[in-house]
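Thanks for coming. I have one structure to show today, and I will go through it piece by piece. Please look at the picture before I start.

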Amino acid sequence: MNDTTTLTLPVRVGRSARTPSATTDPAWVKGLLIGIALAFVALFLLMPLLTVFAEALRKGWSVYFSAVVEPDALSAIRLTLLTAAIAVPLNLVFGVAAAWAISKFEFRGKNLLLTLIDLPFSVSPVISGLIYVLIFGAQGWMGEWLNDHNIRILFAVPGIVLATIFVTFPFVARELIPLMQSQGIEEEEAALVLGATGWQAFRKVTLPNIKWGLLYGVILCNARAMGEFGAVSVVSGHIRGETNTMPLHVEILYNEYNFSAAFAVASLLALLALATLAAKSFVAWRTRNKEPESVPPERTNEY
């Protein structure tokens, strides 16, 4: 007589199935924690945001639009967009190159490079601005040479762009490094064995795998670039209509007690933040729900 052993295998259920709780706390603890989180969101996020829009529109749409289309405001908007348009692509190139080098190669100084990438996270933006003053200021290391060649870095667009690049360059790299490290190098090696060049392997293998993480990092980088205040404030000189970005323009208007105009420009920054949040949420959702992409057999060796 043969004994048979019945094995019960776990069955994978759909997303609608109830997942087990991570704790055994009673339901009121769950409700309390959710209530505390919602209260903080309402008090420290939603209320200030609604206040900005309420104050911006308190005197009517005509006052709002006149504050937004005022020449100094338009100059601040243009400079903010220009700074982001320069800083974000440069950080994109740096982030991809740094993530590729760190995740795909072993070399001396790798840990040092990782530490330097994180440096802007630990250094105050004001300090980073002062660093550029020390280097490019009239009494700085390169100040005399710049004056002799009639080159302006500080109190001009180049200084604002440099300061913005400094405070934003970790975002793309830090988003891509863990993603590319988790993917390993097997797929790139297979592409090279099949005859692909390094650029083809990157374009057809690496880039499709990191595209959503790359976009996520670019969105965060762009949001920080448009909203940066500390470093830009130090190097800009606050020249009205020339070197004021939107955050600096809001500060000047507020200090002049022109509250309606200040909140009007601030509402534009808030709208940009909401648009960034929406794009960020979409990318996060798309990343979680994307299906693994398989290469058709007949195209496996097409490089």
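Some housekeeping. This is a predicted model, where local features need pLDDT of at least 70 and side-chain atom pairs count only at pLDDT 80 or more, while totals for chains, interfaces and linings use all residues. Residues are numbered from 1 along each chain as its sequence is written, and side-chain values use heavy atoms, with hydrogens and water left out.

First, the overall picture. The protein has 14 helices and 0 strands. Helices here are DSSP runs of H or I with at least four residues, strands are runs of E with at least two, and both are numbered from the N terminus. Of the 303 residues, 35% count as buried. Buried means under 20% relative accessible area, exposed means over 50%, and partly exposed is in between, using a 1.4 Å probe and protein chains only. As for contacts, meaning heavy atoms within 4.5 Å, residues 24 or more positions apart account for 73% of those with a separation of 6 or more.

Now helix 8. It covers residues 157-168, has 12 residues, and reaches 16 Å from its first C-alpha to its last, close to the 16 Å expected at 1.5 Å a residue. The expected span is 1.5 Å times one less than the number of residues. How many of the residues of helix 8 are buried? The count is 9 of the 12, so helix 8 is largely enclosed by the rest of the structure. Among the buried ones are Gly 159, Ile 160, Ala 163 and Phe 166. The cover over the buried residues of helix 8 includes helix 3, helix 5, helix 6, helix 9, helix 11 and helix 12.

Next, two helix pairs. Two packed helices are described by the angle between their axes and the distance between the axes. The axes are lines fitted to C-alpha atoms, for helices over the stretch in contact, and the angles run from 0 to 180 degrees between N-to-C directions.

Helix 6 and helix 8 pack at about 135°, with their axes 10 Å apart. The two are therefore oblique to each other. For the cut-offs, angles under 35 degrees count as roughly parallel, over 145 as roughly antiparallel, 65 to 115 as roughly perpendicular, and the rest as oblique. Helix 6 passes helix 8 in a right-handed crossing. A crossing is right-handed if the near helix is turned clockwise from the far one by less than a right angle, and left-handed if anticlockwise. Helix 6 makes this contact with Pro 125, Ser 128, Tyr 132 and Phe 136, and helix 8 with Leu 162, Ala 163, Phe 166 and Val 167. By class, that contact of helix 6 with helix 8 has 7 nonpolar, 1 polar and no charged residues. Nonpolar covers Ala, Val, Leu, Ile, Met, Phe, Trp, Tyr, Cys and Pro, charged covers Asp, Glu, Lys and Arg, and the others, Gly among them, are polar.

Ser 128 of helix 6 is buried, at a relative accessible area of 1%. Leaving aside neighbours within four places in sequence, Ser 128 is in contact with Val 123, Phe 166, Val 167 and Ala 231.

The second pair is helix 3 (residues 71-104) and helix 4 (residues 110-117), whose axes come within 11 Å and cross at roughly 150°. That makes helix 3 roughly antiparallel to helix 4. The contact is made by Phe 94, Ala 98 and Ile 102 of helix 3, and by Lys 110, Leu 113, Leu 114 and Ile 117 of helix 4. The crossing of helix 3 and helix 4 is left-handed.

Also in helix 3 is Asn 91, which counts as buried at 2% relative accessibility. Beyond neighbours within four places in sequence, Asn 91 is in contact with residues including Ile 165, Thr 168 and Cys 221.

Last, the loop between helix 7 and helix 8. Asn 150 is found there, with phi near 55°, a positive value in a residue other than glycine. Asn 150 counts as exposed, at 69% relative accessibility. Phe 155 is in that loop between helix 7 and helix 8 too, and has a positive phi of about 55° although it is not a glycine. Phe 155 is partly exposed, with a relative accessible area of 41%.

That is the end of the tour.
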